[in-house]
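Here are my notes on this model, point by point. Please read them with the structure open.

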Amino acid sequence: MPFSFPFLSFLLLASASPATGSGMVLSAGLPFFQKGIAVLQREGEQQAQEAWEQEATEMFPLSATGAQRASQFSDYVTVYWRNAPFDLKDVPRNLWFAPYVRDMASLGIVTGYTDAVGKPLGEFGPHRPVSIEEMVKMVMAAAGVDPSSCSEEPKNAMAKESWSAPYFSCAEERKLSLTTDSSLDVTRPALRGEVVLTLLEAFGVIKPSSGSIAIVVAAGTGAAAGTTTQTGSVFVDVLPGMFTTEAIRRAAGDGIISGYKDHQGVPTGYFGPEKQITRAEVSKVLSLAIQVYGMKKERD
């Protein structure tokens, strides 16, 4: 429905009226006039958006994907529910992770938190850690996997009783290394190395391998007793004996990941494969992976 500005004609007439009978427009009034127009435009856009949001639930059906797209007009990354926009108030567009969250939201891979009926709450939680099951869902979506094509009951004991059951089942059917342990706690935070490994396996960049998924870290960074101190060829803390080493090296070479930097932006040589990863960081890794490897399509 088009939106009109009720006072626009008044402002135009007022600004064009002659001053002291000279027939000239006062130059001092021009900035005020321009500011008034800008204010009216913002108010009009705001009212139009609020009206759209109020009517959206009744006017538009809910699509299978939630119809999530990125807004081009908000100061925040925006998701859509029933074709109505909802700003993610903790993802301002000027922060480093905003472009990646926006990309992933537009593809329906990441979402903000929702209520019981799926309505966005306006919060993404960029600094919160990603759980194993959240990570698996995001990676499966990025890999173009349709969860309805997989078994509804995974082998993992915890995943069986979780919302993540179909996604975890898809990962198990593809024999992704992290899902081979049926006793894995899917609610615990995912680690940086685990995310890289799972992502590259899902995209077919490296083949899943069998064996222990224990992460071995360098001495002095939380290593178990008996671990020898070594230096990785790419990162100091990514060692030859680690289960995630091949994936981390490949992802670093392809520009998907980078290590930590100091306060001056100089690389420290550390990656932190055993550290937790945030929702913002996973969004960046997924976005870059899709850019480098392409949006993977499920094979017949």
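1. α4 and α6 are roughly perpendicular to each other, because angles from 65 to 115 degrees count as such. Their axes cross at roughly 70° and come within 9 Å. The crossing of α4 past α6 is left-handed. Keep in mind that this is a predicted model.

2. Which residues make the contact between α4 and α6? From α4 come Ile132, Val136, Lys137 and Met140. From α6 come Tyr167, Phe168, Cys170 and Ala171. By class, this contact has seven nonpolar residues, one charged residue and no polar ones.

3. Cys170 also takes part in a disulfide, with Cys150 as its partner. The two sulfur atoms are 1.9 Å apart, and a pair of cysteine sulfur atoms counts as a disulfide within 2.5 Å. The count by this rule is one disulfide. The link joins distant parts of the chain: Cys150 sits in the loop between α4 and α5 (157-160), and Cys170 sits in helix α6 (residues 165-173). The two cysteines are 20 residues apart.

4. What is the handedness of this disulfide? The torsion about the S-S bond of Cys150 and Cys170 is about 110°, so the disulfide is right-handed. Are the two cysteines buried or exposed? Both Cys150 and Cys170 are buried.

5. Ser131 lies in the loop between α3 (98-106) and α4 (132-142). Its relative accessibility is 9%. Ser131 therefore counts as buried, the cut-off being under 20%. Which residues does Ser131 contact, leaving aside neighbours within four places in sequence? They are Val186, Thr187, Arg188, Pro189 and Ala190.

6. The crossing of α7 past α9 is right-handed.

7. Which residues of α7 and α9 meet? On the α7 side they are Arg192, Leu199 and Leu200. On the α9 side they are Glu281, Val285, Leu286, Ala289 and Tyr293. By class, the residues of this contact divide into six nonpolar and two charged, with no polar ones.

8. Phi of Arg82 is near 55°, a positive value in a residue other than glycine. Arg82 is in the loop between β1 (76-81) and β2 (84-92). With a relative accessible area of 25%, Arg82 is partly exposed.

9. Lys175 is the other entry: phi is near 55° here, again positive in a residue other than glycine. Lys175 is found in the loop between α6 and α7. Is Lys175 buried or exposed? Its relative accessible area is 59%, so Lys175 is exposed, given the cut-off of over 50%.

10. Last, the chain as a whole. The secondary structure comes to nine helices and two strands. Along the sequence the pattern reads α-α-β-β-α-α-α-α-α-α-α. Of the 300 residues, 39% count as buried. Among contacts between residues at least 6 apart in sequence, 63% join residues at least 24 apart.

Key. Residues are numbered from 1 along each chain as its sequence is written. This is a predicted model: local features need pLDDT of at least 70, side-chain atom pairs count only at pLDDT 80 or more; totals for chains, interfaces and linings use all residues. Side-chain values use heavy atoms; hydrogens and water are left out. Helices (H or I, at least four residues) and strands (E, at least two) are DSSP runs, numbered from the N terminus. Buried means under 20% relative accessible area, exposed over 50%, partly exposed in between (1.4 Å probe, protein chains only). Contact means heavy atoms within 4.5 Å. Axes are lines fitted to C-alpha atoms, for helices over the stretch in contact, and angles run from 0 to 180 degrees between N-to-C directions. Angles under 35 degrees count as roughly parallel, over 145 as roughly antiparallel, 65 to 115 as roughly perpendicular and the rest as oblique. A crossing is left-handed if the near helix is turned anticlockwise from the far one by less than a right angle, and right-handed if clockwise. Ala, Val, Leu, Ile, Met, Phe, Trp, Tyr, Cys and Pro count as nonpolar, Asp, Glu, Lys and Arg as charged, and the others, Gly among them, as polar.
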